[in-house]
Amino acid sequence: MLKDPRMVDNNSASEYLLDKCLKTIQNEVKNLTLNLNEEQTRRIQELEAELQKAKSVIDFFQGKLESVKDSHAKEKEELNEELAREKEQCTKEMQLIQGLDRRVICLIDGDGAIFSLVQVAKGQAGGQTAAAKLTESIRQYLPSDHYQLSVWVFLNKGGLLETLRKCGKEDARRNLEDFIKGFNQAADRFLMVDVGSGKEAVDAKIKAYLEDEAKALQTIKVVFGGCHDNGYLTTLRSLITAGFRTLELPCLKVPDLFEPEKLCPSANVSPVISAATPAVPPGLNRETVRSNSATFVSIPSSSAPISLRTPLLPIQTTSQGVVWRNVTSPSPPHRSRHIDPNKSLSKQPPPCNVFYLTGGCKFGASCTFAHDYLLTAEHIETMRDNAKKSPCATLNRGEACVFGDTCCYGHKCQFGSKCHFYKMGMCKFIAVGMHAD
């Protein structure tokens, strides 16, 4: 079958056109794809550049942040150190201020408490040594550093020089002036003052300062060295009466600081209790022991009435020395009263335990208990057993009893830990350890 030539030409033209259009489209798609790729590549490059810039900025600010952190940490550390220094400085200033407002006053009657003549003979060096010894003892007794210590010693220098001359203590007499200088120069607030030879001139000074300092708000303690006689009883009593009920008054002993005995012109003169003896003024309810150490004594507010004429008599000798008790008269009263044999001793008008068991009573004839019984050894033993059933008043107050096991009163409850009254809180033995088995 023969084909029409025109139809063949039309088909070829159509294919040609179609092929041309297809190539055109392919070229356009190719160009478009290339353009898109180029655009994307360019965009990616731009984004990568921006990302790099951002990373650089981040790195920069991170570096700044680390630098700021380091700087802040360093500043904080410096501020903490400065704050610690300021706090320490404030603490020191506060302690200093507190110390200025807190005073410890030591008052010494130089006529009664005579410094060790061994130190006096050393002159200025001895005065400094005595001041250092006194300071160290008070610091050990009051360990806090937050107070000012002032020591005032009043004496009649002329009288002491004359006494030293009469006693043949020429070395001490010759160096007394230098000793006083050394003592005064040892510390800013140490002062040894010559008040002259007026009657009771030293007593007047001590009393005035004692009254003022005991009432001063800044004074936390008064260390008082003047219990060698009765001269200050009135002042101490007035302080107690005025409301100072908590004077407790313990003893502070400073070994080898003062002369242990009163200076006597003649070796034949019997020694008496000196200012260095831990003696309480007569009439007070306390026993004392002689020693070679200086003692500063305070008087408790519960002391009994005082007789200024009451002497001290020895009643016992211990390893520590002589124990003294206050009595009204050295001679015992006439004993004429007999014990009723039909009654036990506890049913009689009570005899005085202190008088019969220790050999002396400070109240004498004014004592409310009897001193005139004629007692047998059996009666005395009964009294001793009964007295042990009553607590020692000194130990019951929490103080040390100088008589120890020889005290006529009880230092422990006879029932120990099984005491029924102790469990009820009603036992008369109230000090620590009085119910220990």
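Reply: Glu-75, Glu-77, Glu-78, Glu-81, Glu-82 and Glu-86 gather on the surface as a patch of negative charge. A patch is built from residues with over 30% relative accessible area and no salt bridge, joining like charges within 9 Å and nonpolar side chains (Val, Leu, Ile, Met, Phe, Trp, Tyr) within 5 Å. A salt bridge is a side-chain nitrogen of Lys or Arg within 4 Å of a carboxyl oxygen of Asp or Glu. The model is predicted: local features need pLDDT of at least 70 and side-chain atom pairs pLDDT 80 or more, while totals for chains, interfaces and linings use all residues. Residues are numbered from 1 along each chain as its sequence is written, and side-chain values use heavy atoms, without hydrogens and water.

Glu-77 counts as partly exposed because its relative accessibility is 49%, where buried means under 20%, exposed over 50% and partly exposed in between (1.4 Å probe, protein chains only).

Helix H1 also holds Phe-61, which counts as exposed because its relative accessibility is 52%. Val-57, Phe-60 and Phe-61 form a nonpolar surface patch with about 310 Å² of accessible area together, an area from the Shrake-Rupley method with a 1.4 Å probe.

As for the aromatic pairs, the whole structure has eight. One of them, Phe-355 with Tyr-356, is edge-to-face, with 5.2 Å centre to centre and 85° between the planes. Rings of Phe, Tyr and Trp (its six-membered ring) pair if their centres lie within 6.5 Å, and planes under 30 degrees apart count as stacked, over 60 as edge-to-face and the rest as tilted. Phe-355 counts as buried because its relative accessibility is 9%.

Notes
Lys, Arg positive; Asp, Glu negative; His and termini not counted. Charge placed at Lys NZ, Arg CZ, Asp CG, Glu CD. Helix = DSSP H or I, 4+ residues; strand = E, 2+ residues; numbered from the N terminus.
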